[in-house]
Structures are given as C-alpha cells and as structure tokens.
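Please look at the sequence and the structure shown here. The report that follows describes some of the features.

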Amino acid sequence: MNFTQRLAGLRARLHTWRTERPKTFYSLTAFLTLGLLGVLSVAVLLVAVNLGIFGHLPSRQELLDYRNDIGSEAYDVNGRSLGRFFKQDREETAYEELPQHLVHALVATEDSRFHTHGGIDWEAYARVLFKTILQGADDQGGGSTLSQQLIKNAYGRPPLGYGYRVDMLLHKLREAILARRLEDVMPKEEVMERYLNTVSFPGNTFGITAASRRYFQVEPAELTVRQAASLVASLKGTSSYDPRRAPDRNARRTDLVLTLMGRAGYLTAEEVAAAQADPLCMVYYREPPRKVEAPYFTQQVRQQAAELLADRKHANGRHYNINTDNLRIYTTLDLRYQAHAERAVTRQMKLLQRDFERHLGRRDPWETQASLAGAIRTSDRWRAGRAAGLDSLTLVDSFNVKRQMQLPVPNGEPLVGQYSALDSVAHSLRYLRAGFLVLDHSDGAVRAWVGGSDFGFSRYDHVTSRRQTGSTYKAFVYAAALRQGYDPCYRLSNALQTYADEDGPWTPHNSDWVHGGTYSMHGALTHSSNVAAVKMIMDLTPEPVVEISHELGITGEIRPIPSIALGTVESTLYEMVGAYAAFPNGGEHAEPYFISRIEEADGTVIYTHAAEIRRVLSEEQAATMVAMLRRVVEQGTASRLRWEYGVLQPSIGKTGTTQNMADGWFVGSTPTLTGGAWVGGENTGVRFRSGEMGNGARSALPVWAYFLQNMEADTALVGALGEDFSAPSDELRRSMRCAEYVPPTTERVEEVLDTTGVPVLTNPVEL
C-alpha cells in the first residue's frame with residue numbers, strides 16, 4: 001500500500017471518527033466545560049465574598065478582638081453583684097486548664113488534620129461541597145474544620161436570600177476565608193480555647209465549663225477520658241446524643257470517639273479498652289438560676305443601661321449590647337439599705353393584707369364590677385387573645401374555662417387546683433401592692449428600690465407606676481407660696497366655700513369634716529387641711545404651683561386648676577421622692593439616678609453619670625419647708641411615726657391619701673436620706689372602704705417607719721441617717737410664731753363676691 005492509499009485511509013477513518021464518535025465524548029466535554037465554569041464561578045464568588053459584596057467580613061484585628069457572648073454584670077455601690085444580663089450564660093476556661101485528652105478527643109473526631117492545615121481541610125471541604133451543592137443533599141457535616149466551626153458559632157449563618165444551596169455555598173466560602181484569616185493571626189491553642197468556650201453542648205449549656213459542671217459536677221480539668229469523650233460525642237447532635245436523655249446512643253458514639261483517639265495515636269489499645277470499660281459516673285445537676293438581688297431595681301438597670309448605650313459604639317463601630325458584651329454596670333444601690341427596705345415592705349404588707357381581708361369580710365376587694373372588668377382587659381391573657389384576633393365574646397368564654405393551675409401568693413405557697421383565668425384575675429386583685437424608694441438627697445443617688453412585695457407574684461414596678469398623689473402634693477403648693485413671698489403665718493380660711501370650676505361648682509371639704517376657723521400656712525400643712533390648701537392655691541393662682549412642680553421633677557401634663565392642690569395630679573414614687581429631696585437639700589433639686597458608670601471588661605469607661613442639679617428654692621425657703629414638714633411629723637398627720645413606732649431619728653415628711661382611699665402615700669426625709677412609700681390596689685377600685693383604715697398614715701407611713709427602725713438597729717448604718725437638720729435661723733423661728741389654728745369664735749371674716757358671683761372669703765384677720 002502506497003503512501004497515497006494510506007493517507008486516504010487515514011482520512012476516511014478520521015471522517016468516520018468525526019461523524020460517529022460516541023456520546024460519552026460529548027458528556028465528558030460537557031462535564032469538563034461545566035467543571036471549568038464551576039471553578040471559574042467559585043473563583044468569582046470567592047473574590048466577591050472576600051470583597052464583602054455578600055456581607056462584611058471581619059478583619060484580622062476584629063477576629064482577634066472578638067470574644068464570646070458573655071453577659072454583663074451589675075454591682076451595688078460597694079461592689080457586690082446584683083445579677084447578670086445575658087443571652088447565653090457561660091464562663092470561659094483558658095487553654096492551660098483544658099485536659100489534653102479532651103483536646104485529643106475533639107481533634108480525632110471533628111478535625112483530624114487540625115494541627116497541619118491552615119484553617120481549611122481541602123479534602124474534607126471538597127467532599128462536603130460535592131454532597132451539599134452538587135448532589136443537593138443536606139449538610140452532612142464533617143467537612144468544616146474547627147476553625148470554620150468557630151467562625152460559624154461566632155458569626156452565625158444569617159439567611160442571604162438566594163436560596164438554601166446558594167446561601168450554603170456563600171457561607172462555606174465566607175467561613176473558609178475567615179478560617180484562613182483567623183489562623184494567620186492566632187495560634188492553634190487559642191483557636192481550640194475559643195472553640196471549646198463557644199460551642200453548645202446538650203442541656204442548653206454553652207462552653208465546656210458549663211457542660212462539665214452540669215453533667216459531671218467537675219471543672220474541665222477534672223474530666224476523665226471517658227467523660228471528655230462523652231461530651232465530644234454529644235457534639236454530633238446535642239439532643240440526639242445527650243448523655244442523660246439518650247445514654248445508649250451517646251455511649252456508642254463515645255466508644256467511637258475513643259476508637260478514633262486510638263487510631264490517631266492519642267491512646268494506646270490498652271488505654272482505649274480501659275476508657276471504654278470505665279463507668280461514665282454522670283452526676284447531672286442543673287443549678288437553679290442565679291439569684292438576682294433587688295429584682296425590681298435590676299430590671300430597671302437593664303432597661304436604662306440599654307438606653308444609655310443606645311448611641312454609643314465600640315471602636316469598630318458596633319453598638320454595645322449588655323447581653324453579650326461583658327460590661328460592668330456600677331449602680332448607686334446599697335444592698336445593706338435594700339435589705340432593710342425589703343424587710344420593711346414585707347412586714348407592713350403582711351400586716352396590712354391581714355387587716356384588709358378582715359375589713360372586707362365576705363365582700364369582693366373591688367368596689368364595682370368595672371374594676372374587675374378593667375383588670376380582665378389589662379391581663380396578659382386578654383391582650384394575647386385580642387392580638388390573635390379573638391373577639392370579646394370568645395375571650396369572655398375562655399376566661400371561664402377551668403384547668404389545673406397555680407395561683408401565686410405574695411411571699412407564700414401558691415394555691416394549686418382547678419381554676420379559670422377569671423379566678424386568676426380575681427385572686428390577683430385581692431392583694432394590696434406597694435412601692436418604696438430611698439435616695440441620698442445630696443446628689444439623687446438611689447440607695448434602695450422595692451417595686452413590690454414579691455417579684456415572683458407580680459413584676460409590675462410600683463416605683464415607676466403613676467397614681468394620684470393626694471395630700472403629698474400640698475407641699476408643692478406651699479413651696480410655691482413661699483417662693484412668691486408668702487409668710488408661714490399667712491392665714492387661710494378653713495370654712496367651706498364653693499368655687500367655680502370648668503366642670504361646674506366645686507366645694508372642697510376636709511377628710512374629718514371639721515370646718516371653720518383659720519389656719520396659718522404651716523398649720524394647714526401640719527394638719528393637711530384640704531379647704532385651706534385650695535384657698536392657698538386660689539390666692540396664688542395654680543400657675544406658680546405647676547411651674548415649681550415641673551422644676552422639682554414632676555413630669556407630664558399638670559392642668560392649672562384648683563383641684564391639683566388636693567393631689568389630683570398623677571406622678572410616680574420615683575418623681576415624688578426626688579421632688580421632696582430638694583427640701584432637705586437646701587432647695588437644690590438633684591435629678592434621681594441609679595447608674596453611676598458603665599465599663600468594658602478591660603476597665604474602659606464608656607458612660608459616667610453627670611449630676612443634674614438645679615436650684616428651685618432659696619436656702620431660706622427650703623429651711624422653712626423643712627421646719628413646716630418637721631411639724632407634720634411632730635404634731636400632725638405623720639406623728640404616728642413618733643408615738644406608735646417610736647422612731648427617734650430627726651424626720652420630716654407628709655402623708656397622702658387620694659379620693660376614696662385608693663392610694664396611700666408617705667414621703668419623708670432624715671438629714672441625709674429621702675424616702676417614699678406608696679400602697680394601694682392593683683387598680684383604684686381595690687381599696688379600703690374607710691378613711692381610718694386606708695389613709696396614708698396607716699398604710700404607707702409604716703413602711704418608712706419600719707425602714708428607719710431597721711436602720712437605727714444597724715450599728716453599721718445608723719450613722720448614715722445623719723445627726724440633725726440644720727438649725728433654723730432666728731428669723732425663721734420668728735416667722736412661724738403664730739397659732740396653727742384659730743377657731744371660728746375668735747376670727748372675723750369678711751365676705752365679698754368675685755366677678756362670677758360665687759362667694760369668696762378674703763384673708764381672715766386674726767383677732
């Protein structure tokens with residue numbers, strides 16, 4: 001065969017190959033093409049992820065600075081812990097305190113090439129990518145290195161909006177980049193330490209320390225080989241491999257972990273056999289939640305700390321979070337004062353509740369069905385039902401369905417039985433509520449805060465709840481009069497008088513229904529005359545009273561009408577105590593506060609309280625108010641503090657009772673502290689039916705009295721009450737040398753008509 005023939009044959013075979021080549025060639029070509037496109041796509045994605053197109057990637061410095069979520073802690077003024085705020089309750093363990101067999105168990109099981117790779121195990125990573133992306137299978141695990149898992153635990157996998165598979169690919173790429181970056185800036189030991197302090201174990205425990213204590217009652221360093229292997233085994237599925245809930249499954253997985261440790265050379269065959277035969281010795285114990293001191297106060301600290309930090313950021317631009325940033329929150333509370341305050345509230349409310357139940361007899365605690373209906377409509381169950389779209393009739397029916405439940409009792413054992421939601425609401429209404437606050441009036445620092453008699457019974461804080469202030473508000477009327485130049489001996493009629501009001505004619509009367517004669521200004525405050533207080537505000541006009549109230553820290557709208565003299569203004573205990581504090585503080589109002597500073601874990605201060613102090617009264621006017629309020633304690637409506645409770649401490653104060661005895665108040669001071677108590681029902685319809693039982697001197701004043709008794713009996717704190725108020729000047733003494741009360745038979749009254757035709761009494765002249 002010549003060359004030409006051979007060439008022709010080659011051409012024929014080539015033509016045949018071209019026209020009849022097998023389909024597998026096309027499949028192989030397509031596969032290679034797709035593979036090349038896939039590699040290029042992943043490369044492009046890798047660049048895009050690295051550039052942060054799919055979300056910010058922490059820098060090397062941010063990775064170094066990252067710390068596990070560790071809650072913040074609040075402290076009292078003496079450095080005692082009040083409690084912690086956290087999302088995940090955890091403690092950290094240093095690498096040096098980790099047993100090597102725990103580290104070996106983790107490496108052998110989760111990342112066998114941990115000590116040789118640079119953050120990515122390419123072989124395992126490619127296998128996972130193939131399974132999850134190309135085959136569409138669920139994530140089987142086993143591909144991510146410990147470094148990548150640490151990144152996932154630290155930063156999570158938030159949805160990116162591209163679908164599961166694409167999101168998974170992007171997260172894997174992101175974690176790969178960050179794992180390499182992480183291992184560029186820290187040694188393997190630190191990676192291991194951070195991982196074991198971050199990972200979640202069964203029982204909703206976070207970190208190896210919590211898991212060791214929960215399941216074995218030991219520190220991590222004390223774990224046996226089998227115990228360490230058991231905890232590592234549980235990482236495959238914290239529910240499925242829980243050593244307590246799934247002991248058999250965990251045991252099989254633990255044996256596998258020990259076998260892998262042997263294959264990796266961490267254990268000899270004899271050690272593997274010994275560890276597999278070793279009993280687990282599990283001693284499961286779930287510690288009760290850490291006690292939170294002063295719980296009403298602490299929940300206020302959490303709320304205000306978050307508000308104070310709302311506009312502050314870390315150096316990296318991230319907002320502070322008190323649940324995760326391991327902050328130190330220093331407060332003004334003194335747990336020694338707090339203990340005395342809590343005992344005072346508990347003691348008084350136990351006695352008062354007994355009297356309340358005796359007083360009611362077989363009557364309901366609410367005066368009208370409207371009070372019960374209001375309580376139902378403000379209950380959590382009703383609000384949840386309305387939010388779910390249920391109509392009122394359906395909800396009413398549901399409130400009558402009985403089921404097994406517990407009804408809490410303040411500071412007592414709960415009632416257990418078949419009850420309805422209506423029974424629960426009615427049960428709650430039977431118990432009186434209280435709030436108590438004590439602060440240092442020199443700077444407004446809160447020293448004790450009791451929002452209720454039992455946090456477990458009700459978490460509603462009555463230090464911050466708004467109620468009508470009753471006769472405690474009269475102090476602001478007379479303070480405004482002093483600021484306008486009135487003298488403490490200015491005489492005020494105690495005779496019944498009708499005034500024109502926007503709601504029609506109005507005739508105020510005294511609670512004891514004794515009228516006539518005249519009071520001096522200081523006498524009217526001492527004996528809390530309603531009639532004289534209204535006469536005072538009419539002489540002043542309401543506007544100066546509204547003005548001084550706001551300056552003293554009473555927020556909200558105050559209508560400039562005469563009835564505010566009798567305490568129709570609503571305020572909080574927090575505001576009222578802060579306002580009264582200006583009197584013994586020489587006329588300067590120090591805005592109450594309770595967080596002094598907030599620091600990062602390394603001591604960097606990120607917030608410091610700046611005092612807000614403003615002068616409201618002159619020193620002479622403030623001294624006059626102190627002298628007048630001291631008479632209230634010595635001779636007036638608060639004298640019970642002396643003759644019944646035997647409190648010897650120099651004191652000033654004022655009682656208050658609102659309409660129908662719905663609220664009882666007392667606000668008072670020693671030379672250094674100002675405190676206030678409020679007592680009442682869950683709503684204004686729950687009350688004593690008589691003034692003798694429900695007035696502030698009988699309901700609220702005893703809380704202050706018991707607190708002072710406790711303080712006086714405490715040799716370490718009695719000096720904190722102060723020795724005495726500043727001695728009044730001779731001029732002040734002279735200004736108060738007048739009769740507190742002059743009976744009608746010795747006074748001369750001139751009657752005139754104002755422009756509305758309503759009789760008005762002019763200022764009587766003492767004869």
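## Basis of the report

This is a predicted model, in which local features need pLDDT of at least 70 and side-chain atom pairs count only at pLDDT 80 or more, while totals for chains, interfaces and linings use all residues. Residues are numbered from 1 along each chain as its sequence is written, and side-chain values use heavy atoms, with hydrogens and water left out.

## The whole chain

The protein chain contains 29 helices and 25 strands. Both are DSSP runs numbered from the N terminus: helices are H or I with at least four residues, and strands are E with at least two. Of the 767 residues in the protein chain, 50% count as buried. Buried means under 20% relative accessible area, exposed means over 50%, and partly exposed is in between, with a 1.4 Å probe and protein chains only.

The accessible surface of the protein chain is about 36400 Å², and 52% of this belongs to carbon and sulfur atoms. These areas come from the Shrake-Rupley method with a 1.4 Å probe; for residues, only the protein chains shown count as cover. Of the contacts in the protein chain between residues at least 6 apart in sequence, 70% join residues at least 24 apart. Contact means heavy atoms within 4.5 Å.

## Helix H4 and its partners

Two packed helices are described by the angle between their axes and the distance between the axes. Axes are lines fitted to C-alpha atoms, for helices over the stretch in contact, and angles run from 0 to 180 degrees between N-to-C directions. Helix H4 (residues 100–110) and helix H10 (residues 225–233) have axes that come within 9 Å and cross at roughly 40°. H4 and H10 are therefore oblique to each other. On this scale, angles under 35 degrees count as roughly parallel, over 145 as roughly antiparallel, 65 to 115 as roughly perpendicular and the rest as oblique. The crossing of H4 and H10 is right-handed; a crossing is right-handed if the near helix is turned clockwise from the far one by less than a right angle, and left-handed if anticlockwise. On the H4 side, His 101, Leu 102, Ala 105, Leu 106 and Thr 109 meet Val 225, Ala 228, Ala 229 and Val 232 of H10. By class, this contact of H4 with H10 has seven nonpolar, two polar and no charged residues. Here Ala, Val, Leu, Ile, Met, Phe, Trp, Tyr, Cys and Pro count as nonpolar, Asp, Glu, Lys and Arg as charged, and the others, Gly among them, as polar.

H4 also packs with helix H11 (residues 247–263), where the axes come within 8 Å and cross at roughly 95°. H4 and H11 are therefore roughly perpendicular to each other. In H4, His 101, His 104, Ala 105, Ala 108, Thr 109 and Glu 110 meet Arg 253, Val 257, Leu 260 and Met 261 in H11. The contact of H4 with H11 divides into five nonpolar, three polar and two charged residues.

Helix H9 (residues 208–216) packs with H10 at an angle of about 115°, and their axes are 11 Å apart. Ile 208, Ala 211, Ser 212 and Phe 216 in H9 meet Gln 227, Ser 230 and Leu 231 in H10. This contact of H9 with H10 has four nonpolar, three polar and no charged residues.

In helix H18 (residues 421–429), the buried residues include Ala 421, Val 425 and Leu 429. The buried residues of H18 pack against helix H15 (369–377), helix H16 (380–387), strand S6 (402–407), strand S7 (415–420) and strand S8 (433–440).

## Two buried residues

Gly 451 lies in the loop between strand S9 (445–450) and strand S10 (467–468). Gly 451 counts as buried because its relative accessibility is 0%. Not counting residues up to four places away in sequence, Gly 451 touches several residues, including Tyr 296, Ala 434 and Tyr 460.

Ile 595 lies in strand S15 (residues 595–599). At 1% relative accessibility, Ile 595 also counts as buried. The C-alpha atoms of Ile 595 and Leu 308 are separated by 9.5 Å, although these residues are 287 residues apart along the chain.

## Positive phi

Most residues other than glycine have a negative phi. Asn 660, in the loop between strand S18 (652–657) and strand S19 (663–669), has a positive phi near 65°.
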